[in-house]
Amino acid sequence: KEEFAILARRLGNELSDHRIKEIITEVKKSSQSKEINELDMNDFEKAIGYLAKKNASMSLEALGINLSTLIATLLLLLILLLILFIFIFVGISAYAVGGSFGAVINSVIPAAAGVGLGKSDGVDAEETLDSDTVKDTVEQTNRVITSKHI
């Protein structure tokens with residue numbers, strides 16, 4: 001236990017006794033070793049992995065990113081991709097076939113492109129998850145994990 005705390009400190013993680021007990025308890029749930037406060041090589045690897053996962057999950061949570069948000073975003077993007085493909089294929093078929101439907105599609109495509117270009121100001125909008133925000137959040141999460149008050 002003390003050796004793990006020293007190594008974690010050398011790796012830049014000043015862990016409290018509570019956090020070290022939490023990590024060891026989590027690792028020992030699936031361990032073959034019978035010693036409660038000692039870690040073998042496999043336990044140590046699991047402990048470092050647990051610490052990294054804990055840091056990553058807390059950072060993502062602080063940024064407001066969770067599994068349901070990722071799934072919802074993926075589904076939205078898939079739907080938009082499907083709509084885009086349908087639009088492209090309908091446009092191709094309209095160019096290939098003459099008639100009133102083709103004329104409508106041929107007028108809607110340039111009009112939609114003009115509206116899209118008219119709404120863009122040419123400057124990319126600032127991202128909500130820029131690198132400084134992510135870096136600050138990860139550092140804040142690391143301070144929480146390594147806090148002596150937990």
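This is a short walk through the structure shown above, from its overall build to a few single residues.

The model is predicted, so local features are described where pLDDT is at least 70, side-chain atom pairs count only at pLDDT 80 or more, and totals for chains, interfaces and linings use all residues. Residues are numbered from 1 along each chain as its sequence is written, and side-chain values use heavy atoms, with hydrogens and water left out.

Let's start with confidence. pLDDT is the predictor's confidence in each residue, from 0 to 100. The protein averages 78, and 81% of its residues score at least 70. Helix H4 (residues 67-96) has the highest mean pLDDT of the elements, 87, while helix H5 (residues 100-119) has the lowest, 75. Where pLDDT is low, the predicted coordinates should not be read in detail.

Now look at the overall build. The protein has six helices and zero strands. Here helices (H or I, at least four residues) and strands (E, at least two) are DSSP runs, numbered from the N terminus. Of the 150 residues, 19% count as buried; buried means under 20% relative accessible area, exposed over 50%, and partly exposed in between (1.4 Å probe, protein chains only). A contact means heavy atoms within 4.5 Å. Among contacts with a separation of 6 or more, 59% join residues 24 or more positions apart.

Next, find the largest nonpolar core, which has twelve residues, including Phe 4, Leu 15, Tyr 50 and Ile 145. Such a core is a set of buried Ala, Val, Leu, Ile, Met, Phe, Trp, Tyr and Cys residues joined through side-chain atoms within 4.5 Å. Helix H1 (2-10), H2 and helix H3 (41-62) each give two or more residues to this core, and H2 gives the most, with four. In soluble globular proteins, nonpolar side chains tend to be buried together.

With twelve residues, H2 reaches 16 Å from its first C-alpha to its last, close to the 16 Å expected at 1.5 Å a residue; the expected span is 1.5 Å times one less than the number of residues. Arg 19, Ile 20, Ile 23, Ile 24, Val 27 and Lys 28 are buried in H2. These residues are on the same side of H2 because they cover an arc of only 160° around the axis. The arc is that of the directions from the helix axis to the C-beta atoms. The buried residues of H2 pack against H1, H3 and helix H6 (131-145).

H1 can be read in a similar way. Phe 4, Ala 5 and Ala 8 are buried there, and their arc of only 100° around the axis puts them on the same side of H1. On the other side of H1, Glu 2, Glu 3 and Arg 10 are exposed. H2 and H3 are among what covers the buried residues of H1. Just after H1, Gly 12 takes a positive phi of about 95°.

Arg 19 counts as buried because its relative accessibility is 6%. Its side chain makes a polar contact with the side chain of Glu 22 (2.9 Å). A polar contact is a pair of N or O atoms within 3.5 Å; within protein, one must be able to donate a hydrogen and the other to accept it, and residues adjacent in sequence count only if both atoms are side-chain atoms. Leaving aside neighbours within four places in sequence, Ile 145 is in contact with residues including Arg 19, Leu 51 and Met 58. Thr 137, found in helix H6, is buried, with a relative accessible area of 8%. Not counting residues up to four places away in sequence, Thr 137 touches Ser 59, Ala 62 and Leu 63.
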